[in-house]
Amino acid sequence: MNSEGIERVGVCPGSYDPVTNGHLDIIGRASRVFDRVVVGVVGQSIRKSESLFTPDERRGFLERAIADAGLENVEVKIFTNLLVEFVRECGGTTIVKGLRAISDFEYEFEMNQLNRKAAPDIESVYIFASAEYSFIRSTGVRELATFGGDITGLVPDEVATALSERVQRS
Ligand code: PNS
């Protein structure tokens with residue numbers, strides 16, 4: 001709560017296709033900064049490529065990983081509207097994103113400007129990835145799994161198993 005007794009709600013949006021241990025690091029750290037964190041899973045494809053997992057599957061992976069981590073002030077929701085509208089629906093005022101390297105900066109800078117133009121009252125804040133997760137991204141993990149690489153430690157165990165099965169079938 002802030003000094004006026006208002007609950008501080010942070011929204012961590014993303015495709016999470018699938019969730020990685022890097023995402024979980026950011027979500028866990030955000031849960032210590034905010035009273036409540038809502039993880040927003042993009043419910044419709046915003047990229048040219050098809051999603052590997054359905055929104056419900058992605059939400060399930062996140063919910064179980066968050067429960068395993070004991071993060072009691074974190075919930076997961078799917079959203080299909082504009083991010084800033086979703087943040088308002090959640091009663092939040094802050095978008096929380098992870099930043100890994102310079103390569104993330106350009107995309108996030110653009111998204112920041114777009115989101116601010118749409119809703120100047122909603123602030124975006126950035127948490128730098130911990131060093132051990134700074135190289136992990138969902139696309140890279142999916143590619144590694146596709147070619148039989150070892151993804152242990154990069155994603156939750158349940159996700160690693162599901163990913164190996166899914167890429168063999170696709
Ligand atoms: O890089 P990701 O994980 O796919 O991020 C997705 C998201 C929604 C966080 C990013 O594209 C963003 O900030 N978009 C803002 C524009 C918007 O509202 N898009 C609608 C998504 S349903």
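A residue counts as buried here when its relative accessible area is under 20%, as exposed when that area is over 50%, and as partly exposed in between (1.4 Å probe, protein chains only). Glu72 sits in the loop between H2 and S3, where helices (H or I, at least four residues) and strands (E, at least two) are DSSP runs numbered from the N terminus. Glu72 and Ser31 are 41 residues apart in sequence, yet their C-alpha atoms are 8.6 Å apart in space.

A word on the model itself. It is predicted, so local features need pLDDT of at least 70 and side-chain atom pairs count only at pLDDT 80 or more, while totals for chains, interfaces and linings use all residues. Residues are numbered from 1 along each chain as its sequence is written, and side-chain values use heavy atoms, with hydrogens and water left out.

Strands are taken as paired if DSSP finds at least two bridges between them. On one count, S4 runs parallel to strand S1 (residues 9-14), with 2 bridges joining them; here Gly10 stands opposite Thr94. S4 also runs parallel to strand S5 (residues 123-128), this time through 6 bridges, and Lys97 faces Tyr126 across that pairing. To get from S4 to S5, the chain passes through helix H4 (residues 102-118), making a right-handed β-α-β crossover. Right-handed means that, with the strands pointing away from the viewer, the path from the first strand over the helix to the second runs clockwise.

Lys97 turns up again at the ligand. In all, 14 residues surround the ligand, the closest being Ser15, Arg47, Leu83, Lys97 and Tyr107; to be near, a residue needs a heavy atom within 4 Å. Polar contacts are pairs of N or O atoms within 3.5 Å; within protein, one must be able to donate a hydrogen and the other to accept it, and residues adjacent in sequence count only if both atoms are side-chain atoms. Ligand oxygen atoms lie 2.5 Å from a side-chain N or O atom of Ser15, 2.7 Å from a side-chain N or O atom of Lys97, and 2.7 Å from a backbone N or O atom of Leu83. On its own the ligand exposes 540 Å², and the protein buries 83% of that (Shrake-Rupley method, 1.4 Å probe; for residues, only the protein chains shown count as cover).

Most residues other than glycine have a negative phi, and most peptide bonds are trans. Tyr16, in this loop, has a positive phi of about 50 degrees without being a glycine, and Tyr16 is buried at 5% relative accessible area. Asp17 and Pro18 are joined by a cis peptide bond, with omega about 0 degrees. The backbone oxygen of Pro18 is reached by the side chain of Ser138 at 2.9 Å. Ser138 belongs to helix H5 and is buried, at 13%.

Of its 33 residues, Tyr16, Ile27, Val39, Leu62, Ile66, Ile151 and Leu163 touch the most other members. Elements supplying at least two residues each include H1 (21-33), S2 (36-42) and H6 (157-169), and H6 gives the largest share, 5 residues.

Notes. A nonpolar core is a set of buried Ala, Val, Leu, Ile, Met, Phe, Trp, Tyr and Cys residues joined through side-chain atoms within 4.5 Å.
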